[in-house]
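Reader: Could you take me through the charged side-chain pairs here, one at a time?

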Amino acid sequence: LEEEIRQKWPKANWIFPYDGFNGMFDAYHKGECDVLAIGREDTIMNIDYLKRVCEHDLVYTDVLVHENPIAFPIRPELAAAFSYWMYAAE
């Protein structure tokens with residue numbers, strides 16, 4: 001993941017702390033970075049993380065930093081119909 005993000009955003013100064021979200025918040029607090037790229041789904045249910053978001057006046061946005069494409073295994077005779085419904089759902 002780190003290498004893919006560095007390739008996509010080569011001019012950014014990326015910091016990848018080894019102690020997860022706590023390290024990310026600590027780096028932000030120390031001024032080592034200006035932005036945190038964290039998933040809402042990963043942190044929204046953790047009270048300690050939410051407190052740190054609030055303490056630093058941070059907000060969640062819908063900006064996409066990275067995405068992982070996935071594929072669904074499907075039988076060939078169902079592929080066309082499945083593709084249609086996936087397209088229609090978008």
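Author: A salt bridge is a side-chain nitrogen of Lys or Arg within 4 Å of a carboxyl oxygen of Asp or Glu. This is a predicted model, in which local features need pLDDT of at least 70 and side-chain atom pairs count only at pLDDT 80 or more, while totals for chains, interfaces and linings use all residues. Residues are numbered from 1 along each chain as its sequence is written, and side-chain values use heavy atoms, with hydrogens and water left out.

Reader: Is R52, which meets D26 in a salt bridge, buried or exposed?

Author: The side chains of D26 and R52 are joined at 2.5 Å, N to O. D26 belongs to helix α2 (residues 20–29) and R52 to helix α4 (residues 47–55), so this pair ties together parts that are 26 residues apart in sequence; helices here are DSSP runs of H or I with at least four residues, numbered from the N terminus. Buried means under 20% relative accessible area, exposed over 50%, and partly exposed in between, with a 1.4 Å probe and protein chains only. D26, at 28%, is partly exposed, whereas R52, at 18%, is buried.

Reader: How many residues apart are E2 and R6 in helix α1?

Author: E2 and R6 form a salt bridge at 3.0 Å, N to O, and both are partly exposed, E2 with 36% relative accessibility and R6 with 32%. Because both lie in helix α1 (residues 2–8), about one helical turn separates them, and their spacing is 4 residues.

Reader: Which residue meets R75 in a salt bridge?

Author: The partner of R75 sits at 3.1 Å, N to O. With a relative accessible area of 58%, that partner is exposed, and its name is E77.

Conventions. Helix = DSSP H or I, 4+ residues; strand = E, 2+ residues; numbered from the N terminus.
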